[in-house]
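Please keep the sequence and the model in view while reading the numbered points.

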Amino acid sequence: MFSLFSITAFAAEFEYTALYVGSNKTFVNDVEPDMMYAQLVYGYATEKDLLIGLSTSGNSKNVVNAAKVAKAVGAKAMAMTGKKESKL
């Protein structure tokens with residue numbers, strides 16, 4: 001399921017928009033699974049955004065591709081992995 005929601009911080013000048021990208025069976029039927037997150041990042045991300053990629057191995061193709069696209073559109077990317085040496 002995809003959801004887009006705003007979180008307003010205590011200070012009025014800070015507003016954060018978060019996009020949760022979980023696996024949606026109907027969306028995956030229409031795209032290459034290795035590119036499903038990358039396509040969403042391409043559609044939504046801007047240079048003001050931060051992508052947080054989670055992968056135990058750090059080598060999940062769908063998360064690695066999303067990070068590459070985030071960098072290509074000017075967004076920052078941060079990875080949380082279980083290994084120091086990984087593609088993320």
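**Note on two packed helices**

1. Helix H2 passes helix H3 in a right-handed crossing. The structure discussed here is a predicted model.

2. Two packed helices are described by the angle between their axes and the distance between the axes. The axes of H2 and H3 come within 7 Å, and they cross at roughly 20 degrees. Angles under 35 degrees count as roughly parallel, and H2 and H3 are therefore roughly parallel to each other.

3. Which residues make the contact between H2 and H3? On the side of H2 they are Tyr 37, Ala 38, Val 41 and Tyr 42. On the side of H3 they are Asn 62, Val 63, Asn 65, Ala 66, Val 69 and Ala 70.

4. The largest nonpolar core has 8 residues in all: Ala 38, Val 41, Leu 51, Ala 66, Ala 67, Val 69, Ala 70 and Ala 75. The elements that give two or more residues to this core are H2 (36-44) and H3. H3 provides the largest share, 4 residues. One member of the core, Ala 67, is in contact with Leu 51, Ala 77 and Leu 88, when neighbours within four places in sequence are set aside.

5. Is Asn 65 buried or exposed? Its relative accessible area is 17%; buried means under 20%, so Asn 65 is buried.

6. Apart from neighbours within four places in sequence, Asn 65 is in contact with Asp 34, Met 35 and Ala 38. A polar atom of the Asn 65 side chain lies 2.8 Å from the backbone oxygen of Asp 34.

How values were computed:
Residues numbered from 1 in each chain as written. Predicted model: local features only at pLDDT ≥ 70, side-chain atom pairs only at ≥ 80, totals over all residues. Heavy atoms only, no water. Buried < 20%, exposed > 50% of the residue type's maximum accessible area, 1.4 Å probe, protein only. Polar contact = N/O pair within 3.5 Å; in protein donor to acceptor, adjacent residues only side chain to side chain. Contact = heavy atoms within 4.5 Å. Core = buried A, V, L, I, M, F, W, Y, C linked by side-chain atoms within 4.5 Å. Axes fitted to C-alpha atoms, helices over the stretch in contact; angles between N-to-C directions. Parallel < 35°, antiparallel > 145°, perpendicular 65-115°, else oblique. Left-handed = near helix turned anticlockwise from the far one by under 90°.
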